[in-house]
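The sequence and the model are shown below.

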Amino acid sequence: MSGSSIRIGKVFGIELRIDYTWFLIFALITFLLSFSIFPQLIPGLSLGSYIIIGAIASVIFFLSVLFHELMHSLVAQRNGIAVRSITLLLFGGVSQIESAPQTPGVEFKMALAGPLSSIVLGAVFVGLYYATRGVSTIVAGTAFWLGYINIILGIFNLLPGFPLDGGRVLRATLWYFTNNLRQSTAIAAGIGRGIAYTMIFVGLVGPFFTGNFSLIWFILLGWYLLRAAQVEYQEVVYHEALKGVTVGSIMTPNPITVDPHISIEELAGQYFSKHNWVAYPVAEHGAVEGIVTTRDIANLPRDMWKVTQVSNVMRPMSLDIVTSPDTEVFDLIPAIATKAGGQMLVMKDNRLVGIITVTDIDRAIVRILHLQGGIERPAA
C-alpha cells in the first residue's frame, strides 16, 4: 500500500495498482447493473443473483480497462519507454511512464493501441453474446453489456481531444506534419477543452430535457478532462522550457551546512530565521549525512527543541534525495516532487556542490517562459 493506491500485482514488469477512488465507481457500476441494467437484460432472477452477476460484470469491465491501459504500456515498452505502473482510477486507468514519446510515430502507435484493443475486446464479447444467447441468458446478457461498454469506451477514447487517446493521435499527426510539439499539443488540448465543456453542458441541462439523471456524471467527467488537458499541455510547455537545462545551472551552489549535533532550537534561531531557506544539508567533518527541512521540525513540540538534535529529525542520505549537477531538470521533477519531498542534494564525486528545490525549478520555468514570451493558452 502506498499513498492513495493499493498494489495488486505485477505483469510484464509493470506494477498494477488500484486508487481508492476506484472503489466508488466500482460500487456505483455494480449498483446500476444489479438494480437497473441486468433486470432488463436478464429478467426473472432474484435480487441476490443480480448483485452477484453485477459484481462479476464490474470486475470483468475493469479488467477490460486494465487491458486497455496494458496495451498502451506494452507498445511503450516495445519502443524503449519504461513503464512504472498502471493505476485504476475513478475515471478509468492511467499508465505512469518514465518518459514521453520522443517521436510522433511512437505516440501515434501508443495512443491507438488502447481504443483499438477495447473495440476488439468488445467485438469478442459481442461474439460471445451471439454464441450463447440460446444457451444461457445470464452469460449472453452479461456478454452483451460488456461488448457494448467496451466498444463505447473505445469509440469515446478516439474523440480527437487531448488528453483522450484520440487527442493524442491528433497531436501525433499534427506533430508529424508541423514538427512543432507545443503547437500540436495546444490544438489538441483546445479541442479537448471543447469536448469537456460540451460534456459539462450536457450534464447540466440533459437531465431536465431527458429525465436521465445519470447524465450528471458528465459534469464530473468533463471537469476531469478539462483539468487533465490543461495539466498535460502545461507539462509539454515546461518540458520544452527546461530542455537542456541542467541541475547545475539553477541550483544553489555551495550551500551552508548544519552540524547534526546542534539542537533544533539552534537550527531554527541560527539558520531558518536568518536565511530564506527551507532546507539545509546536514554534514559533519565534511561528510554529508542528510538533509533537514522546516517540514521536519514542524510537528515537533516547542518544548522539545532544546533537547532534540538535528540528527534525530533529519532525513538521512539516500538515493531518493541525491542528484548530480549534470542531470536534466525535467527528468528530476517526478522524483523531487514525490520521493524527495521538494529538495535534493547535488553531489559530484561524493562531494556536496549544491542544493536544488522545487522553488528553484519553478523560478527557472517562469524566467525562461518570460524570455520566450510567456505561456499561450491552448486553442479554444
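In which sense, left-handed or right-handed, does helix 3 pass helix 5? In this predicted model, the crossing of helix 3 with helix 5 is left-handed. The axes of helix 3 (residues 104-132) and helix 5 (residues 165-178) approach within 8 Å, and they cross at roughly 160°. Because angles over 145 degrees count as roughly antiparallel, helix 3 is roughly antiparallel to helix 5.

On the side of helix 3, the contact is formed by Pro104, Glu107, Phe108, Ala111, Leu112 and Pro115. Helix 5 contributes Asp165, Arg168, Val169, Arg171, Ala172, Thr173, Trp175 and Tyr176.

| Residue | Relative accessibility | Class |
|---|---|---|
| Ser118 | 1% | buried |
| Val329 | 0% | buried |

Both assignments rest on a cut-off: a residue counts as buried because its relative accessible area is under 20%.

With residues up to four places away in sequence left out, Ser118 touches His68, Asn150, Ile151, Leu153 and Gly154. For Val329, when neighbours within four places in sequence are set aside, the contacts are Leu242, Val245, Thr246, Val247, Ile250 and Ile361. One of these partners, Ile250, lies 79 residues from Val329 in sequence, with a C-alpha to C-alpha distance of 8.8 Å.

Notes
Residues are numbered from 1 along each chain as its sequence is written. This is a predicted model: local features need pLDDT of at least 70, side-chain atom pairs count only at pLDDT 80 or more; totals for chains, interfaces and linings use all residues. Side-chain values use heavy atoms; hydrogens and water are left out. Axes are lines fitted to C-alpha atoms, for helices over the stretch in contact, and angles run from 0 to 180 degrees between N-to-C directions. Helices (H or I, at least four residues) and strands (E, at least two) are DSSP runs, numbered from the N terminus. Angles under 35 degrees count as roughly parallel, over 145 as roughly antiparallel, 65 to 115 as roughly perpendicular and the rest as oblique. A crossing is left-handed if the near helix is turned anticlockwise from the far one by less than a right angle, and right-handed if clockwise. Contact means heavy atoms within 4.5 Å. Buried means under 20% relative accessible area, exposed over 50%, partly exposed in between (1.4 Å probe, protein chains only).
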